[in-house]
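Biologist: Could you walk me through reading a helix and the sheet it packs on? I'd like the general idea, then the case at hand.

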Amino acid sequence: MIPRLRFAPSPTGFLHIGSARTFIFNWLYVRHNNGTMILRIDDTDVDRNTQASLDSIFDGLRWLDLGWDEEYRQSDRLELHRRAAQQIFDRGHAYRDFTPAAAEGEAKGHDGSAWLFNPGMRELTADESDRRAATGETFVLRYRVPRDAPRDVQFHDAVYGLQSKSTADIEDFALLRSNGMPTYHMASCADDADLRISHIVRGQDHLTNTFKHVLIFEAVGATPPQFAHLPLLIAPDGAKLSKRKHGPVVSVTTYRDAGFLPHAFINFLALLGWSPKDDREKLTRQELVDAFSFEGINRSNAVVNFKEDDPFDPKAVWLNAEMIRTMPQEDLSAQLLPFIPLADPTKVRQVTPLIQERIKLLKDVTAVADFFFADTLAPYDPTELIPQKGDQVMALSALQRAHDVLTTAEFTHASLDAALRTLAQEMKIKPGQLFQPIRVAVCGRKNAPPLFETLEVLGRETSLNRIGRAIDLLQPATASVTGTTNDERTTTNA
């Protein structure tokens with residue numbers, strides 16, 4: 001049998017990283033077993049659904065770039081859900097509950113015990129139930145859980161093993177609400193049966209629902225799918241990751257907007273609660289597909305190690321940096337462009353090899369390489385221009401002599417290297433004492449990419465203009481030692 005798996009998000013909030021991991025595990029199992037991946041939007045909760053949430057789900061999934069084979073929306077399938085509920089009712093496995101404002105099975109008994117059913121409603125005769133329904137009295141349709149002869153509802157979970165619960169401990173849960181809309185249990189199971197879902201892979205918080213779902217599958221005459229429940233993602237303090245409590249920390253789009261590569265994020269999430277059993281941490285997409293199995297899923301919850309001042313797990317950042325470091329430069333340039341949208345793509349391609357090993361997230365380009373794309377440098381401390389074991393006089397002389405040399409030097413790595421090293425020898429100073437003032441002058445900081453490559457990318461005009469401004473910072477008078485003002489230097493070199 002060809003495996004058919006589904007990911008069924010509800011559009012009631014942004015795409016949660018736990019939901020993204022569920023999608024990834026479904027996708028990996030499907031691709032490992034040459035199956036069919038189904039995206040089903042569970043949007044029957046009309047009071048909570050929002051277009052913004054739906055957009056967030058699709059934005060996040062498209063960013064992951066894994067894809068799916070079939071797509072459905074539950075709201076297009078309401079008639080199917082109602083027919084399945086009617087079928088259960090006709091077979092005697094459900095009854096109408098006319099209790100005003102009837103809850104859906106989460107109330108408590110008068111003695112504080114768990115609520116199981118309303119005896120008066122459950123014992124209504126068929127004639128009385130039909131009569132009240134015919135008069136227009138509203139009702140909740142409830143599953144009639146067997147009670148006269150309790151039995152164990154069982155299923156085997158691929159992660160947690162054999163699961164069993166007595167029907168004596170399962171409430172008469174709702175199938176249809178009083179407005180005729182299907183509940184999550186009814187809609188989900190009706191769709192799973194109709195779409196021939198072979199495996200249901202979802203979070204461990206759904207495990208207790210599965211006993212009810214087994215009963216529904218049996219009532220409609222369908223074989224229950226195989227189940228695999230995933231350990232939860234939790235915060236460092238042990239709390240379940242919550243949209244309400246942890247906010248953007250658990251949103252997929254937060255990672256996208258910070259500059260994570262899609263596959264680095266996939267790799268990170270895949271290792272939260274699953275292991276390839278050989279200690280590998282960095283895996284390609286195909287390696288993940290080849291290695292994935294339910295046997296590799298752990299039972300213990302997985303911690304996402306974020307902090308109040310840093311929303312990202314260090315392992316996720318490390319994986320992202322590793323993948324940035326090894327990816328083709330042309331691909332990296334394309335990934336960087338959205339973070340510097342006004343930059344010339346050609347300039348970005350030139351800058352990429354200079355910063356590839358200096359960034360951990362794509363957004364770092366705005367901090368590491370901003371001076372490549374700025375018309376003018378942000379203000380910086382002029383003392384940064386003074387080299388180690390040097391003084392202002394040395395820095396000023398170095399910049400003035402460098403300005404003269406760079407006016408005629410060929411702006412290639414080899415020529416710049418040779419010209420500036422020769423200048424350092426002529427000035428009888430160490431190369432570093434010459435290079436630091438130039439680096440700060442053209443970059444606005446000491447920590448920057450290699451100098452000669454930087455000069456080559458910036459070009460002669462920009463480099464000379466910035467060195468001229470640095471000379472003015474070190475020299476109170478506007479006239480340089482060459483007898484020209486900075487404005488005249490700029491005009492001459494333009």
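This is a predicted model: local features need pLDDT of at least 70, side-chain atom pairs count only at pLDDT 80 or more; totals for chains, interfaces and linings use all residues.

Biologist: How does the length of helix 3 compare with what its 13 residues should span?

Modeller: At 1.5 Å a residue, helix 3 (residues 78–90) should span 18 Å, and its end C-alpha atoms are 18 Å apart, which agrees. Past the helix comes Gly92, with a positive phi near 85°.

Biologist: Which residues of helix 3 are buried?

Modeller: Start with the general idea: an α-helix has 3.6 residues a turn, so residues three or four places apart point the same way. In helix 3 the buried residues are Leu78, Leu80, His81, Ala84, Ala85, Ile88 and Phe89. Their cover includes strands 4, 5 and 8, along with helix 6 and helix 7.

Biologist: In what order do the strands of that open sheet lie?

Modeller: The order is 4-5-8, with antiparallel pairing. Strand 4 and strand 8 each have a single partner strand, so one side of each lacks a neighbour in the sheet. From one strand to the next the twist averages 40°. Helix 3 packs on this sheet, touching strands 4, 5 and 8, and its direction makes about 105° with that of strand 4. Four bridges join strand 4 to strand 5, and Asp97 stands opposite Val140 in strand 5.

Biologist: And what joins strand 6 to strand 7?

Modeller: A hairpin, through three residues. The two strands run antiparallel with six bridges between them, and Asp157 has Gly161 as its bridge partner. Strand 6 has Val153, Phe155 and Asp157 on its covered face, while Asp152, Gln154 and His156 make up the uncovered one.

Technical notes
Residues are numbered from 1 along each chain as its sequence is written. Side-chain values use heavy atoms; hydrogens and water are left out. Buried means under 20% relative accessible area, exposed over 50%, partly exposed in between (1.4 Å probe, protein chains only). Two strands pair if DSSP finds at least two bridges between them. The expected span of a helix is 1.5 Å times one less than its number of residues. Contact means heavy atoms within 4.5 Å. Axes are lines fitted to C-alpha atoms, for helices over the stretch in contact, and angles run from 0 to 180 degrees between N-to-C directions.
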